[in-house]
Amino acid sequence: MFGRLRATMQRLFTPLANLLIRRGVSPDAVTVTGTVIVTVLALTLLPAGHLTLGALLIGLFVLTDSLDGVMARASGRSGPWGAFLDSTLDRVSDGAVFAGITLWFVLHADEPWGTAGTIVALACLVLGSVVPYARARAESVGATAAVGIAERSDRLVVALVPTAFVQLGLPVAVLVVVLGLLALASLVTVAQRVLTVRNQLLPTTEEA
């Protein structure tokens with residue numbers, strides 16, 4: 001969904017990437033810094049009720065997520081280590097975002113939709129971690145699972161947009177419904193990846 005936007009951002013980041021490289025900043029440092037900032041923002045601003053500011057700042061760093069990759073390619077340091085570090089730390093920041101939303105519902109139990117919101121936000125947190133795990137596990141056994149309707153950027157943007165507007169008057173019920181649909185989309189994505197890997201590996205298993 002947001003593939004074209006990411007490609008545009010990568011082109012825009014090229015001058016900044018070159019500047020950081022000339023200043024001696026490594027792609028790994030950018031990856032770690034971005035993760036720390038997103039995690040801190042998500043676990044402080046969102047639970048405290050600063051939903052608009054938190055969602056906007058987190059969204060900004062989500063859009064800049066490809067900066068470290070642009071730097072790695074420009075400096076000739078692109079490789080398995082960078083991909084591993086980026087993917088691993090993405091799980092940390094993603095978990096922090098949905099944990100922050102969950103904590104907001106928990107701390108605002110007086111909201112009519114508080115309980116339902118807590119449940120669907122937790123579902124997004126759990127299923128959102130299974131989606132990339134399924135792909136990584138598939139690749140570890142020689143299969144591919146790059147399929148699904150709920151990729152990482154899609155999940156974050158879909159969650160953050162209504163979160164930002166709740167503080168501006170959007171009914172909390174809308175956020176709950178969106179998170180519920182997102183959890184369902186994540187579940188469908190997991191099922192798609194499981195079936196894809198099964199179709200790739202089952203014939204081999206039967207022949208063996």
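In the protein chain, residues 24 or more positions apart account for 79% of the contacts with a separation of 6 or more, where contact means heavy atoms within 4.5 Å. This is a predicted model, in which local features need pLDDT of at least 70 and side-chain atom pairs count only at pLDDT 80 or more, while totals for chains, interfaces and linings use all residues. Residues are numbered from 1 along each chain as its sequence is written, and side-chain values use heavy atoms, with hydrogens and water left out.

The secondary structure comes to 8 helices and 0 strands; here helices (H or I, at least four residues) and strands (E, at least two) are DSSP runs, numbered from the N terminus. The C-alpha trace spans about 55 × 55 × 25 Å along its principal axes. A compact globule with 208 residues would have a radius of gyration near 17 Å, and the 18 Å of the protein chain agrees with this; the radius is taken over C-alpha atoms, and the globule rule is 2.2 Å times the number of residues to the power 0.38. Of the 208 residues, 40% count as buried, a word that means under 20% relative accessible area, whereas exposed means over 50% and partly exposed in between (1.4 Å probe, protein chains only).

Helix α5 (residues 80-107) and helix α6 (residues 114-140) pack at an angle of about 170 degrees, with their axes 8 Å apart; axes are lines fitted to C-alpha atoms, for helices over the stretch in contact, and angles run from 0 to 180 degrees between N-to-C directions. Helix α5 is therefore roughly antiparallel to α6, since angles over 145 degrees count as roughly antiparallel. Among the residues that make the contact are Phe 98 and Phe 105 of α5 and Leu 122 and Leu 125 of α6. The residues of this contact divide into 10 nonpolar, 5 polar and 1 charged, where Ala, Val, Leu, Ile, Met, Phe, Trp, Tyr, Cys and Pro count as nonpolar, Asp, Glu, Lys and Arg as charged, and the others, Gly among them, as polar.

| Residue | Relative accessible area | Class |
|---|---|---|
| Ser 186 | 1% | buried |
| Ala 191 | 38% | partly exposed |

Ser 186 is found in helix α8 (residues 172-207) and, leaving aside its neighbours within four places in sequence, is in contact with Leu 127, Val 131, Ala 150 and Arg 155. Ala 191 also has its place in helix α8, and its C-alpha atom is separated by 21 Å from that of Ser 87, 104 residues apart along the chain.

Conventions: Angles under 35 degrees count as roughly parallel, over 145 as roughly antiparallel, 65 to 115 as roughly perpendicular and the rest as oblique.
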